[in-house]
Amino acid sequence: MIKHRLHTLAAVLIASTQTASLAAQDADGPTGTILGVVYDSTTSAPLAEARVAVMGTSMIGNTGENGEFRLDSVPEGEHTVMFFHPRLGTLGVAGSTQQVVVRGASVAEAYLAIPSRETILAAWCSAETGMGNTSIGGIVTDALTSVPLPGARVVALGDRVGVMQRQRVVAETRTENSGEFMLCGLDANTELSITATFGTNATLPVEIARPGPHVMDMTIHISDPVTINGTVMDYATRAPLAGAQVQLVGTNNSAITNAEGKFGFAGIPPGRQIIQTENLGYATRIDSLTVFSNEALGFEILLATEAIVLEPLVVTGRRRDRRITTTPGTRFSGLTEAQVDSLMPRMFDFASLARAARMPGLSVTETYIADAFGQPQMGVCIEMLRARSSSDPNACNMVEVRINDGPVPDPSFFLHELNPQDVRSIQFITPLEAGLLYGDRGRNGVLLIYTR
């Protein structure tokens, strides 16, 4: 379809009396036009705002929203067309080039692209050692929110061995902060499958049927949808307001309050939500609210007839695992994105960033902690309930750590390796509220980390 559109555009340009630009009129010798498209094969979409150049000349242009570009007044002859885009640097690859022949008063076509993910994977793995010619790469995300899962364990399984006929582990790796992983040098001539695990949740094994590069994005169900219900009321009279519009900013979720001022949203992903409330004759109100996986939340929104300072949004009920609480809201303890940005020049690890939150009673220490094999490894201990064990000086009442609303395995070692530059905001939830929200997992408190 793109090539057909290019032929159509070329015909229009050739027929147009305005094909020659002022630069062409002043140039020595005949010139022509190069018309083309830049495509991002990793996203299967045209690449906008790419810088296209003709080597050996001063001809430079930019692609539009459809990835199309046009270069006029190109001198006659054979040329190499290339492009630049920040995404090339992010992927660590070079874009394609193309040789074109420009003839006077004619239109030459060029098709440029960022290599496919399979090509990039094969190139990266070509430098790795391994016995096989099969490589597997992709991104592991949460099935509901599509948030990348850092630190997920990705395992390649081989043939079945032993009395229990369990598949042996051929290779394994952990996803990066972006959720990406890569396994190289595998042998697909024997039985081979791949699975991913995050916390206690895992994907089903997927068989690899042929050799070569395989891009396999996997999703893990680690969070459940949220239900949000609320009431919009007049600030002065506490009377319900019918016909008010409530919008979850950045989503397609919008509702109009009924005669009792009530509204509701179902199937909302957990995490931070920005709620905008508008009603004719009242000042617009914007609130921020954090909702947790598999939670039903109720709250009240008060609107005033003019822009005045109102009390924070009042949470009237939370329900999770059949427990109900009533609370006037909780004090925010943590660091917002703006605070993190201001502190970042002075932060050299996550432990120092957590201390900067200055939460009362919070203890952040770096100490040796026993790993899964009982060996001491350097880690970060974050406590809201201080350890009192005299027999074990390294005992740690570690908080539950969740990144982008998903649980983190081995949190002490994860935080020790976490780059503070990747952190957008953090929030601490006290053991009392965390126990109600997360059950036994939240008995020591919860640390929520949101990445950039």
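## A strand with partners on both sides

Helices (H or I, at least four residues) and strands (E, at least two) are DSSP runs, numbered from the N terminus. Strands count as paired if DSSP finds at least two bridges between them. β18 (residues 226-234) and β21 (residues 262-268) run antiparallel and share 5 bridges. With β24 (residues 296-303), β18 runs parallel and has 8 bridges; here T227 is partnered by A296.

Is β18 mostly covered or uncovered? It is mostly covered, with 7 of its 9 residues buried. Buried means under 20% relative accessible area, exposed over 50%, and partly exposed in between (1.4 Å probe, protein chains only).

Residues are numbered from 1 along each chain as its sequence is written, and side-chain values use heavy atoms, leaving out hydrogens and water.

The predictor's confidence in each residue, pLDDT, goes from 0 to 100. The protein averages 80, and 84% of the residues score at least 70. Over residues 1-27, however, pLDDT is below 50, and over residues 321-331 it stays under 50. Where pLDDT is low, the predicted coordinates should not be read in detail.

## One side of helix α4

In helix α4 (residues 117-125), I120, L121 and C125 are buried. They lie on the same side of α4 because they cover an arc of only 125° around the axis, taken from the directions from the helix axis to the C-beta atoms. The buried residues of α4 pack against α3 (86-91), β9 (134-142), β12 (180-186) and β16 (212-215).

## Salt bridges

A salt bridge is a side-chain nitrogen of Lys or Arg within 4 Å of a carboxyl oxygen of Asp or Glu. The structure holds 8 of them. In one, the closest N and O atoms of R117 and D217 are 2.8 Å apart. R117 lies in α4 and D217 in the loop between β16 and β17 (218-220), so the pair ties together parts that are 100 residues apart in sequence.

R402 and E400 also meet in a salt bridge (3.4 Å, N to O). R402 is buried at 7% relative accessibility, and E400 is buried at 12%.

Conventions
Contact means heavy atoms within 4.5 Å.
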